[in-house]
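Trainee: I would like to learn how to read salt bridges. Could you walk me through them?

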Amino acid sequence: MKKINVRDIKTSPVELIGDDWALLTAGTPDKFNTMTVSWGALGEMWGRDAAFVFVRPQRYTYEFCEQSDRLTLSFFSEKYRPALNFCGSKSGRDYDKAAETGLTKRTADGYVTFDEARITIKAKKLFATTLAECDFIDKSVISACYPKKDFHKMYICEIEEIEEK
């Protein structure tokens with residue numbers, strides 16, 4: 001893995017997150033969880049390179065995001081789509097996702113990611129807020145994406161380092 005600047009990522013962030021998906025991983029090397037994400041963004045906030053991630057409160061990974069100051073976004077080649085499907089549809093409360101998918105946990109500087117990732121973004125939380133129904137301008141989003149009113153918590157994270165294969 002080599003360290004790169006966020007501006008050197010050759011794939012569109014929309015493609016990376018929305019099409020390719022990522023594993024969001026939070027916790028410690030000894031106790032962590034990972035989940036598939038396909039909503040989020042990369043950009044700039046407060047003069048810092050930033051990642052914007054969203055987690056519903058019922059997800060097991062939510063507990064780890066709440067307890068951790070740092071998290072990773074790991075992006076994989078298409079051959080890992082079955083692993084991403086598993087990690088997005090099964091709970092870490094019930095499964096060891098790395099063992100079930102064959103992904104190899106890798107830790108670095110307290111971060112948890114996976115050897116198979118082609119890009120890993122290491123990020124530090126700066127801000128968090130729960131999306132509120134009253135703040136939606138387009139109310140159709142609520143019925144389409146939040147029929148149970150289980151609004152995501154948004155984390156704005158400073159990108160500390162990016163590794164690429």
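Trainee: How many salt bridges are there by the rule?

Mentor: The general idea is that side chains of opposite charge can pair when their charged atoms come close. The rule asks for a side-chain nitrogen of Lys or Arg within 4 Å of a carboxyl oxygen of Asp or Glu. By this rule the count here is 16 salt bridges. This is a predicted model, where local features need pLDDT of at least 70 and side-chain atom pairs count only at pLDDT 80 or more, while totals for chains, interfaces and linings use all residues. Residues are numbered from 1 along each chain as its sequence is written, and side-chain values use heavy atoms, leaving out hydrogens and water.

Trainee: Which residue meets Glu-161 in a salt bridge?

Mentor: Lys-3 does, at 3.3 Å from N to O. Glu-161 lies in strand β10 (residues 153-164) and Lys-3 in strand β1 (residues 2-4), so the pair ties together parts that are 158 residues apart in sequence. Strands here are DSSP runs of E, at least two residues, numbered from the N terminus.

Trainee: Is Glu-161 buried or exposed?

Mentor: Buried means under 20% relative accessible area, exposed over 50%, and partly exposed in between (1.4 Å probe, protein chains only). Glu-161 has 18%, so it counts as buried. Lys-3 has 62% and is exposed.

Trainee: Which residues are linked with Lys-3 and Glu-161 in a network of salt bridges?

Mentor: Arg-106, Asp-115, Lys-122 and Glu-163 are linked with them in that network.

Trainee: What about Arg-70 and Glu-160?

Mentor: Their side chains form a salt bridge, 2.9 Å from N to O. Arg-70 lies in strand β6 (residues 70-75) and Glu-160 in strand β10, so this pair ties together parts 90 residues apart in sequence. Arg-70 is partly exposed at 35%. Glu-160 is partly exposed at 37%.

Trainee: How far apart are the closest N and O atoms of Glu-78 and Arg-81?

Mentor: They are 3.1 Å apart, and the two residues form a salt bridge. Glu-78 is exposed at 54%, whereas Arg-81 is buried at 16%.

Trainee: Which side chain of opposite charge is nearest to Glu-164?

Mentor: For charge, Lys and Arg count as positive and Asp and Glu as negative; His and the chain ends are not counted. The nearest one is Lys-2, 4.4 Å away. Glu-164 is buried yet has no salt bridge. Glu-164 is found in strand β10.

Trainee: What is Glu-164 in contact with?

Mentor: Contact means heavy atoms within 4.5 Å. Leaving aside neighbours within four places in sequence, Glu-164 is in contact with Met-1, Lys-2, Ile-4, Arg-118 and Ile-119.

Key. Helices (H or I, at least four residues) and strands (E, at least two) are DSSP runs, numbered from the N terminus.
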